[in-house]
Amino acid sequence: MSVAEKVTLKDVARAAGVSMSTVSGVLNRLDGFSEDTRRRVWDAVGKMNYMPNLQARTLRSRQQTQQHRRTGLLMHITHLGSNGSVGDVFEALRSQLLTFEALRHGCYMTTYWYRRLEGFRCPLLLDRMVDGVILGMPHPEVAEILRGKTPVVLMDVGVSAAALKMPMVNMNLPEGYGRLFQHAARNGFRDYVLIDTKSDPEDFNNSALFCRGLHDAAREAGLSPHPEGVFLRRFTPENHEATVAEIAGLLIPRLRSNQFRLLIVPNIVVAESLRAHLENAGLLPNRNFVLYTVNCYMEDASTLDGIGYDWPKLVETAVDLLLKFEDMPKERTCEYLVSPRLKFS
């Protein structure tokens, strides 16, 4: 018997400060409960790793069922930002890729949008109606809630496989940077300028490790960062334009004097904004400067050069890995890497 099965409805009710009937009503999606009550119940369920007793449910409902039934339903869990998902072309295309890939295997894909402020509440997972989850965000609390409930594969999550002890599929960005810098070396570049986002030390997507891999790839190709050309900033929606304008102001005179030429801007949003500022100052791409980025969007969604995500292959690998979960090594901490695409004008 697992730890999750030892946690009872009574334990959840005590932790949430409500009655057992309230817990049962919230978990069965009945009306009449306040948002605060629902949140307390779901928080307790997640923290205690509670799972309903399927055998008891079966006896109560006089249904004959198996302890673990295959439903053919897969789930993609991704983060819901403050602006929601409506109108997000990227998310629409990614959901379409996931749906078609699941159908190719005779399964069905649904999406659960996780909003951190509301907590994790997904009855389908609680009722064990999902055969597997593709987790597309680095929130460790969600990974812990899912652990042991269903097979999980992380997709495009910037954290080491060992940190969460779950299999994952990522783009092979070190390979992409190696090929990018080799291309730059063949075109006569010997140094580069790095403009990147600065992460908090406790952030899973820590930029220090990322920058180290980038610099290693450059060094192997014979390039080094310009002594005055590393700009790390903490970008937020509020300071984005002002921060890009500040960096552009520092770059423009150096670009005009040919002190700087090759700009590496891994964040595509920053790269697009920076190019616009430079063009407004009369500086032209591939004439006054060369700018490379990491295009995490779908193919051809940006005109910028650099490394491109191969989303069809990424999705194909993640779904295939999820359906073969039981055949994986017991430690299940392996990382599967997909080769990126490169685009140069």
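1. **Ground rules.** The model is predicted: local features need pLDDT of at least 70, side-chain atom pairs count only at pLDDT 80 or more, and totals for chains, interfaces and linings use all residues. Residues are numbered from 1 along each chain as its sequence is written, and side-chain values use heavy atoms, with hydrogens and water left out.

2. **Confidence.** pLDDT is the predictor's confidence in each residue, from 0 to 100. The protein chain averages 84, and 83% of the residues score at least 70. Among its elements, helix 12 (residues 240-256) has the highest mean pLDDT, 96. Helix 5 (residues 54-61) has the lowest, 50. Helices here are DSSP runs (H or I, at least four residues), numbered from the N terminus.

3. Over residues 58-68, pLDDT stays under 50, and the model has six contacts beyond four places in sequence for them. Residues 201-206 also stay under 50, with 12 such contacts. A contact means heavy atoms within 4.5 Å. Where pLDDT is low, the predicted coordinates should not be read in detail.

4. **Cavity.** The count is one cavity of 30 Å³ or more. The largest cavity holds about 80 Å³ of space. A cavity is a set of points, on a 1 Å grid over the protein atoms alone, where a 1.4 Å probe fits but cannot get out; lining residues have an atom within 4 Å of a point. Volume is the space filled by probe spheres set on the points, which are joined across faces, edges and corners.

5. **Lining.** Trp42, Val45, Gly46, Phe120, Cys122, Leu125, Leu126, Ile145 and Lys149 line the largest cavity. Helix 4 (35-48) and helix 7 (123-126) are the elements that give two or more residues to this lining. Helix 4 supplies the largest share, three residues. By class, the lining has seven nonpolar, one polar and one charged residues. Lys counts as charged and Gly as polar; Val, Leu, Ile, Phe, Trp and Cys are among the nonpolar types.

6. **Core.** The largest nonpolar core has 41 residues. Such a core is a set of buried Ala, Val, Leu, Ile, Met, Phe, Trp, Tyr and Cys residues joined through side-chain atoms within 4.5 Å. Tyr177, Phe181, Tyr192, Leu223, Leu262 and Ile264 touch the most other members. Helix 14 (residues 311-323) gives the most to this core, seven residues. Beyond four places in sequence, Leu223 touches residues including Phe181, Tyr192 and Leu262.

7. **Leu173.** This residue lies in helix 10 (residues 173-186). Leu173 counts as buried because its relative accessibility is 15%. Buried means under 20% relative accessible area (1.4 Å probe, protein chains only). The C-alpha atoms of Leu173 and Ser339 are separated by 7.9 Å, though 166 residues apart along the chain.

Notes:
On a 1 Å grid over the protein atoms alone, a cavity is a set of points where a 1.4 Å probe fits but cannot get out, and a pocket is an open set with protein on both sides within 12 Å along at least five of seven lines; lining residues have an atom within 4 Å of a point. Buried means under 20% relative accessible area, exposed over 50%, partly exposed in between (1.4 Å probe, protein chains only).
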